[in-house]
Amino acid sequence: MGVEDNQFEIEKLSESQTFYEWFEKTNDEVIEKLNYLKVFDGASGDGISVSVGTTLSGTAGVMLVELSGNVTKGITFQDVTINGSLNYSFDSSDTKSVTRFIGNTAGFTFGNVVRIDYSTNDNGLTLARALNADEAEAIGLIGSMEGDTISVVSNGKIQGNFDSVLVGGGTLHGGCVYFVDPNARGKLTNVEPTTSTHISKPILVGITGDTGIVLNYRGQALGFTGATGSNIGTLRVYANVDNANNFEVGRFVAHNTSISDADGRDLEQGIYYASSNDPAPSNSDGPFRTDLLGMVVGRDTTNNILEILVRGFVSTSVIATDETLNSPFYLTATDDGKSTNRRTDVQLGHKIDGNTSFIDPRINETDIFTSFTQRSFLSGGDGVSFGIQSTNKVINGSLDIWQRHIGTSSAFSGVTSSGSFYFADRWVVRNEIYSPTSGTFNVQRMSFDEGQTDVLGSPDYFARITNNYSGSSSGNVFHVENRLESSDTYLEQPSVVSVYAKSGVAGGTVDVYYNQYFDDGATEISTNIGQIYLYTSWTPYAFPFTVPGVTGAGISGTDHYASIAFDLSNIEGTYFDISQLQFELGYNPTVPIKQDKSVVLDRCRKFYQRSYDEEISTRSSTMIEDLIPDLSVVDIGVNYSKDYYYTFPVKMRKEPSVILYSPNSGVTAEGYNRLAQLDMRLTSGTVGPNGQTRRSRVNQPTIQVGNTADNGIRFEIVSGAVVGDQISVHYVADADINKNL
C-alpha cells in the first residue's frame with residue numbers, strides 16, 4: 001500500500017539524500033498524497049457542529065464533528081435514554097399523553113369518551129358513560145383515528161370537531177367544564193349529572209370552539225342530594241352480640257342496655273328487633289320505639305359483631321320486607337324488624353329509585369306536621385325532620401300580594417253565578433257549585449298579630465274562606481288553589497307540600513290535591529296527596545308524594561299548569577284559614593322563612609301587573625292634589641307621532657291583555673291631560689301649547705293600546721291632546737293562567 005492508504009506517513013528527508021531523491025519523494029509522495037485530499041472545509045447541518053482545524057481554531061489538519069447545543073428542526077428519536085439532566089422548554093408546544101390502540105375502529109369517532117373493556121372490542125376500547133361506576137371508568141377522549149389505529153388523549157390538548165359527541169351538538173365553550181354523559185355512551189355534556197347512583201366525572205375543559213384540555217378527574221358517585229358521594233353522610237356502627245347468627249341482614253334493630261327483656265324478643269347485649277308498636281318512653285321499662293338504632297347490613301359470625309347502618313344509602317333489595325316497597329316506607333308493628341308500606345309511627349326511609357333507598361329512621365314522622373306544639377316544629381322533636389334545601393315552587397304562598405284587591409278591605413261575597421276567580425296573586429277560588437240549597441261564600445284577607453309565633457316565617461296575612469253553602473249536591477267543586485306556572489314541575493320526583501291551616505270548627509276535613517292541566521284541553525291528572533284534619537288553632541301539615549309523569553299529555557303552549565288545591569266542599573257554615581303554602585323537592589319540608597315582598601311582587605308581575613301602588617285598588621283616583629297625579633302613573637309627553645313606548649318593570653310570561661284608566665276619574669280607555677288639568681275626553685275646545693286647539697271624540701277612547709308584547713306597551717293618543725301636552729295614565733296588564741275560570 002502506498003500513498004492511497006490513509007495511514008501512510010511521508011518520512012522526512014535526511015542530510016545525506018541527493019537532490020534526485022528529494023525530487024522523487026516530492027513527486028511520488030508529497031504531491032501524490034496531497035492530491036488525495038478532497039475536503040477543503042467542513043459544513044455543519046441542523047443539530048450537527050463541524051469545525052476544521054487550523055492554526056487559529058484547533059489542531060491543524062483535524063476536522064471535528066459533534067452534536068450542536070441546539071436542534072431547531074423536528075426530529076424523531078426512538079428509545080432514547082438520557083443520562084444526566086434533561087432541560088426542555090414547553091413554550092409554543094402542545095403537551096399531551098397519547099396511547100394508541102390497534103384493532104376494530106367501527107363505532108368510534110373523534111372526541112368519544114372511552115374506557116377499557118376487552119370483552120367488547122378486540123382493541124380493548126369501548127364507549128364510556130356515567131350511568132354507574134364501572135361504565136364511567138374513562139381513560140380519555142379519542143384524539144384521532146388512522147387505519148386500524150385509535151389514538152386516545154388521556155391528558156392534555158385535544159382539537160377537532162366536537163359536534164357529534166356533545167349532547168345537543170354544537171361547539172365547545174371556553175372555560176366550560178364537560179362531563180361524561182350518564183345516558184349516551186361516549187358523549188359529553190356540560191350539565192353535571194345529579195341523579196342518585198350516577199357518576200359526576202368531569203373530563204374536559206373547553207378553550208375555544210374546537211379545542212379543549214383533557215383533565216381526567218376522579219369520578220364521584222352521587223348520593224341522594226345529587227352532590228355527594230354515596231358514603232358521605234353515611235353513619236354505620238358496630239355492635240357486639242352473643243350470637244350474630246340470630247340477626248338477619250336487612251332488619252331494623254333497637255338498642256337499650258337498661259331493659260331486662262324485649263317482650264319475648266331475643267335481647268343480646270341490648271340489641272333486639274324493633275317494632276313500631278313499642279310505646280313512647282315513660283317511667284316504665286322498655287322496649288321503646290325511640291330506641292331504634294338502624295338496619296343490620298353485615299354480620300361477623302366469627303366474632304359476633306353486627307354492622308348497623310344508622311343513616312345512609314343501601315340497595316333496596318337488601319331491606320327485609322314481605323312486599324315491594326314504595327316511598328316512604330315504615331317499620332312494621334310486629335316484632336320482626338321488617339319494613340312495610342303501611343304507615344306506622346316509625347318512618348324508616350325513602351326509596352330513591354328502583355335500586356337505591358335512603359335509610360334515615362324517624363320516630364313519629366307520620367305526624368311530622370300534625371303535632372300541636374310549636375316546639376316540635378322548631379326543634380325536630382316528635383319526629384319532625386326537615387328535608388333538603390330546594391326552591392319553593394309556590395309563588396305568594398305567604399299571601400303577601402293581593403294586586404286585584406279582592407277581599408282586602410272587607411269580605412268579598414260570592415254566589416254560584418260568580419264563577420271562579422283570582423283573589424290574592426296566584427290564588428284562585430274554583431267555584432263549580434251549581435246546585436246548593438242556599439248560601440254564599442266569602443273571601444277575606446286577614447292580618448296576623450305583630451310578633452305572633454303560631455305560624456313560622458312571620459307572614460303578614462292569611463286568607464279566610466267562609467263556606468256558607470248548604471245542601472250542595474255531590475260532584476260539585478269548591479276548591480281554593482295556588483297555581484304553578486307549569487304542569488311539568490318536579491315530574492316523577494319525590495316532593496312535599498306543606499301548609500298551615502285552621503278552622504272555626506274543629507273536626508272538619510279538607511282533601512288536598514295536586515292537579516295537572518294541559519294545553520289539549522281534555523287531559524287532567526288529579527292526585528289526592530292527603531287530608532287535613534282541622535283544628536281551631538294554627539296547625540302545620542305536610543304531604544309527601546311523588547309527582548306523576550305526564551306521558552300522553554298535550555304540552556305545547558303556555559297555558560298548561562299545575563295547582564295545589566284544597567277541597568272545601570265538605571266544610572259548611574264555618575271558615576277555613578290558610579297560610580305559608582310551600583311545594584319543595586324531597587319528602588321533608590323546610591322551615592318557612594320571611595319573604596321579601598318586593599321579590600314576591602316581581603314574581604307575581606310575570607303573570608299580572610299594574611301601575612298602581614300595591615295597596616291602591618284599580619280605578620282609584622291617584623291624585624296627590626286636585627290637579628296633580630302621583631308618581632305611580634305612566635307619564636307620556638305627546639309628540640308628533642302621538643305614541644309612546646313603555647317597558648314593563650318585569651317581563652310577562654306572554655303577551656298580556658291591557659286596560660287603561662284615568663288616574664283622576666278611574667274611567668277606562670281614558671287618560672289625564674296634565675296641562676289641560678282635565679281628563680282627555682273633557683278637553684275639547686281648550687287651547688294647548690303653541691295655540692293648538694284640542695279636540696276629543698264623544699264616546700270614543702281618547703288613549704288606547706296600539707301594540708303589546710311580553711315586555712311592554714305602545715300607547716296611542718287618539719284625541720283630547722295636542723303636541724306638547726303631558727298625559728298621565730294607569731294600566732293593568734293580565735297574562736295570567738285563566739284556564740278553568
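Six strands make an open sheet in the order E23-E26-E27-E34-E29-E32, with antiparallel pairing; strands here are DSSP runs of at least two residues (E), helices are runs of at least four (H or I), and both are numbered from the N terminus. Strands count as paired if DSSP finds at least two bridges between them. This is a predicted model, where local features need pLDDT of at least 70 and side-chain atom pairs count only at pLDDT 80 or more, while totals for chains, interfaces and linings use all residues. Residues are numbered from 1 along each chain as its sequence is written, and side-chain values use heavy atoms, with hydrogens and water left out.

**The chain overall**

- The chain has 43 strands and 3 helices.
- Of its 741 residues, 46% count as buried, meaning under 20% relative accessible area, with over 50% called exposed and anything in between partly exposed (1.4 Å probe, protein chains only).
- Take the contacts (heavy atoms within 4.5 Å) between residues at least 6 apart in sequence: 65% of them join residues at least 24 apart.

- E29 (residues 494–503) and E34 run antiparallel and are joined by 8 bridges; Ser 498 stands opposite Gln 582 in E34.
- Arg 464 is found in strand E27, and it is buried, with a relative accessible area of 17%.
- Beyond its neighbours within four places in sequence, Arg 464 is in contact with residues including Asn 442, Gln 444, Lys 502, Tyr 575 and Asp 577.
- Arg 464 and Gly 407 are 57 residues apart in sequence, and their C-alpha atoms are 9.5 Å apart in space.

**Nonpolar cores**

- A nonpolar core here is a set of buried Ala, Val, Leu, Ile, Met, Phe, Trp, Tyr and Cys residues joined through side-chain atoms within 4.5 Å.
- The largest one has 41 residues, and Phe 423, Ile 532, Phe 566 and Phe 583 have the most contacts inside it.
- Strand E34 (residues 574–585) supplies the largest share of this core, 4 residues.
- A second, separate core has 21 residues, among them Ala 128, Ala 130, Ile 158 and Leu 166.
- Setting aside neighbours within four places in sequence, Phe 423 touches residues including Leu 399, Trp 402, Arg 404, Val 443 and Val 480.

**Aromatic pairs**

- There are 24 aromatic pairs, counted when rings of Phe, Tyr and Trp (its six-membered ring) have centres within 6.5 Å; planes under 30 degrees apart are stacked, over 60 edge-to-face, and the rest tilted.
- Phe 313 and Phe 358 make a tilted pair, because their ring planes sit at 55°, with centres 5.0 Å apart.
- That pair links distant parts of the chain, with Phe 313 in strand E18 (residues 305–315) and Phe 358 in strand E22 (residues 356–363), 45 residues apart.
- Phe 462 and Trp 538 are edge-to-face, because their planes are at 85°, with centres 5.2 Å apart.
- Phe 462 lies in strand E27 (residues 461–467) and Trp 538 in the loop between E31 (524–533) and E32 (539–546), so this pair ties together parts 76 residues apart in sequence.
- Phe 462 is buried at 7% relative accessibility, and Trp 538 is buried at 13%.

**The three-stranded sheet**

- Another open sheet has 3 strands in the order E37-E42-E41, again with antiparallel pairing.
- Strands E37 (643–647) and E41 (703–709) are its edges, each pairing on one side only, and the twist averages 25° from one strand to the next.
- E37 pairs with E42 (residues 712–717) over 5 bridges; one of the bridge partners is Gly 712 in E42, for Thr 647.
- E41 and E42 form a hairpin with 2 residues between them and are joined by 6 bridges, with Arg 714 in E42 as the bridge partner of Asn 707.
- Tyr 644, Tyr 646, Phe 648, Phe 715 and Tyr 731 form one aromatic cluster.

Note on methods:
Axes fitted to C-alpha atoms, helices over the stretch in contact; angles between N-to-C directions.
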